[in-house]
Amino acid sequence: MTEQPRAKAAILRPGEITPHDRGNGARTIPLVTRASGSTSLLNGITEFAPGAAIALHTHNCEESVMVLEGEAIVEIDGIAHRMGAGDTTWVPANLPHRFINTSETERMRIFWTYASVEATRTIVATGDTRSIDSERK
């Protein structure tokens, strides 16, 4: 029996990672990805400028998001919920959702985790689907 190579652990430092501009005042810092050796999940941080929002979208897998800083509105399946630091969502696959920074003066930051390295994002308004990994290149 051939032994499989063992994955190596990683220490990821958000301040040393170049953010990916997502447009509309949002930028993402990828953390755990295939490039870091993950075979089963993705995670990272998205920062929202004051008043910024991302488009209503779905994913092909479960997602959990924790607000790290600031105040947010999360819209899940048409219902708006207020969130603050420490509040966490769990969103099943294929359920429309989005995040909005409610402050006009302060940034908002979220930490997200997808339950698959094959995670995709589909924008509800356009039907455009992209791999989460491809958004970071």
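Q: Which residue in β10 is the bridge partner of E63?
A: In this predicted model, the partner of E63 is Y114.

Q: What makes β5 and β10 a pair of strands?
A: Two strands pair if at least two bridges are found between them. β5 (residues 63-69) and β10 (residues 108-114) have 6 bridges, so they count as paired, and the sense is antiparallel.

Q: How do you know that β5 also pairs with β8?
A: The cut-off is again at least two bridges. β5 and β8 (residues 88-91) share 4 bridges, so they count as an antiparallel pair. W90 in β8 is the bridge partner of S64, and E63 stands opposite V91 of that strand.

Q: Why is β8 called an edge strand?
A: An edge strand here pairs on one side only, as β8 does, and β1 (20-23) is the other edge strand. The order of the open sheet of 6 strands is β1-β2-β3-β10-β5-β8, with antiparallel pairing. On average, neighbouring strands in this sheet are turned by 25 degrees against each other, direction ignored.

Q: What makes W112 and Y114 an aromatic pair, and why is the pair called tilted?
A: Ring centres must lie within 6.5 Å. For W112 and Y114 the distance is 5.0 Å centre to centre, so the two rings count as a pair. Planes under 30 degrees apart would be stacked and planes over 60 edge-to-face; the angle here is 45 degrees, so the pair is tilted. The structure holds 1 aromatic pair.

Q: Are W112 and Y114 buried or exposed?
A: Both W112 and Y114 are buried, which means that each has under 20% relative accessible area.

Q: How do you know that empty space is left inside a model?
A: Rolling a probe the size of a water molecule over the atoms shows where such space remains. In this structure there are 2 cavities of 30 Å³ or more, and the largest cavity holds about 70 Å³ of space.

Q: What kinds of residue line the largest cavity?
A: The lining divides into 6 nonpolar, 3 polar and 3 charged residues.

Conventions:
Residues numbered from 1 in each chain as written. Predicted model: local features only at pLDDT ≥ 70, side-chain atom pairs only at ≥ 80, totals over all residues. Heavy atoms only, no water. Helix = DSSP H or I, 4+ residues; strand = E, 2+ residues; numbered from the N terminus. Axes fitted to C-alpha atoms, helices over the stretch in contact; angles between N-to-C directions. Phe/Tyr/Trp six-rings, centres within 6.5 Å; stacked < 30°, edge-to-face > 60°. Buried < 20%, exposed > 50% of the residue type's maximum accessible area, 1.4 Å probe, protein only. 1 Å grid on protein atoms, 1.4 Å probe; cavity = no way out; pocket = protein on both sides within 12 Å on 5 of 7 lines; lining within 4 Å. Points joined across faces, edges and corners; volume = space filled by probe spheres on them. Nonpolar A, V, L, I, M, F, W, Y, C, P; charged D, E, K, R; others polar.
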